[in-house]
Amino acid sequence: MRKRKAALEQLMRMVFLLCGIVSVAFVLLISVYLIIAGLPAIREIGLWKFLFGTKWAPTFSEPAYGILPFILTSIYGTAGAALLGVPLGVLTAVFLAKAAPPRAASLLHTAVELLAGIPSVVYGLVGMILLVPAIQRLFGLSSGACLLAAILVLAVMILPSIVSVSENALRAVPEEYEQASLALGATGTETWFRVSLPAAKSGVAASIVLGLGRAIGEAMAIIMVSGNVANMPGLFRSVRFLTTAVASEMSYAAVGSLQRQALFSIGLVLFLFIMLLNAFLNLVIKKGGGRR
Amino acid sequence: MKDTGMAKRLARDRARRGLLYFCAGLTCCILLTMIGEILYRGLGSLTWKLVSTQSSYLRNTIGILPNILNTLYIIFVALVIALPVGVGAAVYLTEYAASKRLVRVIEFATETLTGIPSILFGLVGMLVFLQLLGLQEGILAGGLTLVVMILPTIIRTTQESLKTVPDAWREGALALGAGKWRVVRTVVLPNAMDGILTGCILAAGRIVGESAALLFTAGFGFVLNDFAGSLQSSSATLTVALYVYASERGETGVAFAIACLLLLLTLLLNLAADRAAKKFKNREAPVCRKS
């Protein structure tokens, strides 16, 4: 009886250990698979020509596999979204955490949470119906589906994560800091901007990197508003991102073709981008953690 | 001199305050436009006929019942697999793990999984489940891909709620002679139920909103299937259907109707998650299951 019980205990320990290791296995599996699938095309095309080639034309009689347009579009798009979304998000967070009357704060907070949960295709749809025609009319373009539309959609999409994470960080600032500042005669906003925000900077930074990660990895929302042509990026040009390049061509690239393999290589490049961003995030958080 | 300095500061204070109100107002406007637009354009097309039939080329009608069912099927498949594994992982991390190093490695892996874009899950899911394991495009391959995606959510929320179970309860059970597994089964898990539930709801929310990971794994099929049939045949969920209707078929009315439905689902899931989370904050007395 006792022996059986001990055996059961041992067994369950193993089962739980296995469950724990599953996520490590998944990460390894994903990394290994992306590398295995992504390397052949890079080797065939040549790393330099692949990364810095400015022409993507896999179906031409003289195919070209340069993904610089995608890389630059992804970087510009993410940077543009951050430029618009970060100030708006952080300032909204300051409002929510410090300036807002409690009822307005809780209402806006619920709203932001709802915004965070809305599927990305819905953002794409609203962008497609509202933004794209508006941009077309406003700037007199032949088509409003361009990098600017994608940037605006991404900026709205990253807003909720920036607001909620920054808000939490701002609320966690010890009240004594703010009281001391007020007691020294600082006004309310002077306190929030010069005491609270610097004290919460690691959390705010984390929220920004989180938003950047969301922006660079998004595919479906921007495929609907960016026009999806492999141009070098320009604000009013129809463009294609790293993510949308994979999403739009995978379904018709023939199995085993160089085009399909090149799409996997794009996936690998995207993966490396995200890993770099994550490493940066960890660095930021660790630095912030050591402060207190 | 001093007074003008003070006046300047007060003016600046007002200006900054104005900026804060402006930003919050702008965020509010964006949100209201989104929701207003979805409801305004979607509610009109959201008819009973649309949600209760399947599309027919012969009669030239559109129905999204298959997509609604596919979404439910895929939530079920993904949760049935991810739930035991995720909860098990959380139990290992909080109850069993002896080596801090292993805990760090597992937590790092979970964080990494959270950050990977969904299109990459779709790519690897296609490579592993379709090409390597030879599954057909369908709910099974899509669900398995989503398991990897939602695992971190379930692990994290379960872990949080396991941490709130007081050590005294564990020690009490151990002192009565229970083994570790029995403590986990009868004391720890029953008291963490609400947290596990929250994790499930959050995970369901992620699945409902997911599209990029499903394009190449669950596919674009619009045919009505029963559960068993959908596992191995191409099945579009609501989000994928929205994408197809909006960008390939130009049916924006249908797309907005689906958006309406998704908005409603998101709202419901948010409310449910809030409810569950509140409940597990109010824990007072231990729930004990008889073994």
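Tutor: In chain B, the C-alpha centres of domain 1 and domain 2 lie 37 Å apart. The model is a predicted one. By the domain assignment, domain 1 of chain B covers 2-42, and domain 2 covers 51-281. Contact between them involves 4 residues of domain 1 of chain B and 5 residues of domain 2 of chain B. On the domain 1 side, these residues are 2 nonpolar, 1 polar and 1 charged.

Now the chain as a whole. Chain B holds 12 helices and 2 strands. Read from the N terminus, its elements run α-α-β-β-α-α-α-α-α-α-α-α-α-α. Its radius of gyration is 24 Å, well over the 19 Å that the globule rule gives for 291 residues, so chain B is more spread out than a compact globule. Along the principal axes, the C-alpha atoms of chain B fill a box of roughly 80 × 70 × 35 Å.

Next, the partner. Chain B puts 69 residues into the contact with chain A, and chain A puts in 65 residues. Helix H1 of chain B, residues 2-42, supplies 18 residues, the largest share of the chain B side. By class, the chain B side has 49 nonpolar, 14 polar and 6 charged residues.

Across in chain A, take helix H6, residues 147-171. Two of its packing partners are worth a look. One is helix H9 of chain A, residues 201-217: the axes are 8 Å apart, at an angle of about 155°. An angle over 145 degrees counts as roughly antiparallel, and therefore H6(A) is roughly antiparallel to H9(A). The crossing of H6(A) past H9(A) is right-handed. From H6(A), the contact residues include Leu154(A), Met157(A), Ile158(A), Ser161(A) and Ile162(A). From H9(A), they include Gly203(A), Val204(A), Ala206(A), Ser207(A) and Arg214(A). The classes in this contact are 11 nonpolar, 6 polar and 1 charged.

The other partner is helix H3 of chain A, residues 68-99. The axes of H3(A) and H6(A) come within 6 Å and cross at roughly 35°. H3(A) also passes H6(A) in a right-handed crossing. Here the contact residues divide into 20 nonpolar, 7 polar and 3 charged.

Conventions
Residues numbered from 1 in each chain as written. Chains lettered and ligands numbered in written order. Predicted model: local features only at pLDDT ≥ 70, side-chain atom pairs only at ≥ 80, totals over all residues. Contact = placed C-beta atoms within 7 Å. Helix = DSSP H or I, 4+ residues; strand = E, 2+ residues; numbered from the N terminus. Nonpolar A, V, L, I, M, F, W, Y, C, P; charged D, E, K, R; others polar. Axes fitted to C-alpha atoms, helices over the stretch in contact; angles between N-to-C directions. Parallel < 35°, antiparallel > 145°, perpendicular 65-115°, else oblique. Left-handed = near helix turned anticlockwise from the far one by under 90°. Domains from an automatic or database assignment. Rg over C-alpha atoms; globule rule 2.2 N^0.38 Å.
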